[in-house]
Amino acid sequence: MESLQGSGDQQGLFRGLVESSQDAILMKTLDGQIMFWNAAAQHLYGYTPDEAVGSHVRMLVPPELKDEEAELLERIAGGVRIEHYETRRTASDGRILDIDVTLWPIRTHDGSITAACSIMRDITERKRAEAELAELYAQQRHISLALNLMGASKQIPGARAASRYLPSTQGQGVGGDWLDLIDLGAGRVGVFVGDVMGRGLDAAVVMGQLRSAARALALAGLPPCELMQALDAFARDLPEPFVTCVYLQADPAQGEVTVCSAGHLPVLLIDPDSGVHELPVPTGIPLGVGGVPHQQVHLPLRAGTTLALYTDGMVETSSSDIDLQLKLLTSTLEDVFATADSLEDAADRVLRTLLPDTDTYADDVTLLLVNFPTAPLDTAEAGLAREAVSVPAGRRFLREKLREWGLTALSDSALLLASELLTNAFRHAEGPLNLRVWHSVRELGVEISDHSTPRPRARLAEDTEESGRGLILVEALADAWGTRPTAAGKNVWFTLLIPPAVTGAQIPEAPDTALAS
């Protein structure tokens, strides 16, 4: 087909085949004059052969593409064959068509190029369908991205965080990654990172359900292993039941973190001196599988420590072993934290190293860096027997500490609330009791631990009742309060914000993300 050689019979057979083709076929000289125009070309563009043959091919080219045809003919003259070139052309009635065109040079018997042949297919409907699909993906991407990014930039007391979420560049893009940072009260912080199998709106919706359930369970004070068991049961009824996640409860005041993993990648800990190592946490099985209990571990947490949590999109690639990528992530964190000015800078540099080509990654990527800059300024505790005299003894202990710490402005509220909680513990709990007091620049915390599991709850007392109003009082006066289970029983706590006038400095509403020195 690339030569004009052949007998008259052969050329007639060739012309017959071309005329009967379902594809539009035209031949043109190297200066663009149309030499041949088959029936399919007439059907596509609306011009008859008499109208088309002898005319210049520019009649098919939209004005904004006027230079394109000359460039194509120049390439053809150089002997280049052009396969499946997608462009736009104009029909006789003014409609703009999306066209897939293949062009090749026509040679004479001596090999010289004298003309070009074009086979064209109308891909307008395909392009319209692709545009509609892209719009649908964009809508799903917008919804899914909003779900993924909920809470991504939230800063909470006691921690500094920097997060990054990158949707995949392929297909629907957004997947089931999620992260969450939760203020658990009393200086404690909850940290979640998880990944729902799949991609698109379905995975994002499942992710949203799981994150909402996980946040509610965390705020209810469930320890990580119990929370994972509850999520596991919840995940079994979801359409995407295969989920990995990791949950950490950090208590900087106690200097410890409790961690439970459901089949997730290891959490990396960056020491204040920039050393990096994996947290020794049992991997566990993913959520939705069931049958195997999840385990939690208690680990030390130094002031100035940073935790790095991420999803598989950060370290899983088609061209590299995941173990090598994990080693690269570890070494990158060591280098970055030795020189980074802030968590935001560290997060950007980690992504640039692990994902140098952000146009081609196949999975969505989540990275969360959480830094615990300081422990409380002061902390003290006292053991108390389950006796009535322990209530005034606890008040005396608290009063002395407030005086010692220069926080006497909080005495009235703090002593009243502590008295209510100590009285409740004396009347309804099992001893011995433990009173713990701490303060940071931002707040004062008071905690009473006992050896019974039933949790107190606020209720509306009847007019004739002499008791039942203590927790309503705590609810009204404390800036935050709550209860959580412990290994021996439970812990009931409240916090009071320290007025700026007491500390002599303005209390920041949200901590910055500078790295602790």
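Trainee: Hi! Over how many bridges do strand β17 and strand β18 pair, and in which sense?

Mentor: Strand β17 (residues 433-439) and strand β18 (residues 443-450) pair over 6 bridges, in the antiparallel sense. Two strands count as paired if DSSP finds at least two bridges between them. Helices (H or I, at least four residues) and strands (E, at least two) are DSSP runs, numbered from the N terminus. Keep in mind that this is a predicted model: local features need pLDDT of at least 70, side-chain atom pairs count only at pLDDT 80 or more, and totals for chains, interfaces and linings use all residues. Residues are numbered from 1 along each chain as its sequence is written, and side-chain values use heavy atoms, with hydrogens and water left out.

Trainee: Got it. What stands opposite W438 in β18?

Mentor: That is G445.

Trainee: And which sheet order do these strands belong to?

Mentor: An open sheet of 5 strands, in the order β16-β17-β18-β20-β19, with antiparallel pairing. β16 (378-384) and β19 (480-485) are at the edges with a single partner strand each, so one side of each has no neighbour in the sheet. On average, neighbouring strands here are turned by 15° against each other, direction ignored. For angles, axes are lines fitted to C-alpha atoms, for helices over the stretch in contact, and the values run from 0 to 180 degrees between N-to-C directions.

Trainee: Which helix lies across that sheet?

Mentor: Helix α11 (residues 411-428) lies across β16, β17, β18 and β20 (490-497), and it runs at about 170° to β20. Contact means heavy atoms within 4.5 Å.

Trainee: How does α10 pack with α11?

Mentor: Helix α10 (residues 390-405) packs with α11 at an angle of about 150°, and their axes are 9 Å apart. That makes the two helices roughly antiparallel; angles under 35 degrees count as roughly parallel, over 145 as roughly antiparallel, 65 to 115 as roughly perpendicular and the rest as oblique. Among the contact residues are L398 and L402 of α10, along with L415 and L422 of α11. By class, the contact has 7 nonpolar, 5 polar and 2 charged residues. Here Ala, Val, Leu, Ile, Met, Phe, Trp, Tyr, Cys and Pro count as nonpolar, Asp, Glu, Lys and Arg as charged, and the others, Gly among them, as polar.

Trainee: Switching topic: why is β4 described as largely enclosed?

Mentor: Because 9 of the 12 residues of strand β4 (residues 96-107) are buried. Buried means under 20% relative accessible area, exposed over 50%, and partly exposed in between (1.4 Å probe, protein chains only).

Trainee: Which strands does β4 pair with?

Mentor: With strand β3 (residues 82-90) it pairs in the antiparallel sense over 7 bridges, and 9 bridges join β4 to strand β5 (residues 113-122), also antiparallel.

Trainee: Which residues have a positive phi without being glycine?

Mentor: H84 has one of about 45°, and A186 one of about 55°. H84 lies in strand β3, whereas A186 is in the loop between β7 (175-185) and β8 (188-199).

Trainee: Last one: where is there a cis peptide bond?

Mentor: Between G431 and P432, with omega about -5°. P432 sits in the loop between α11 and β17.
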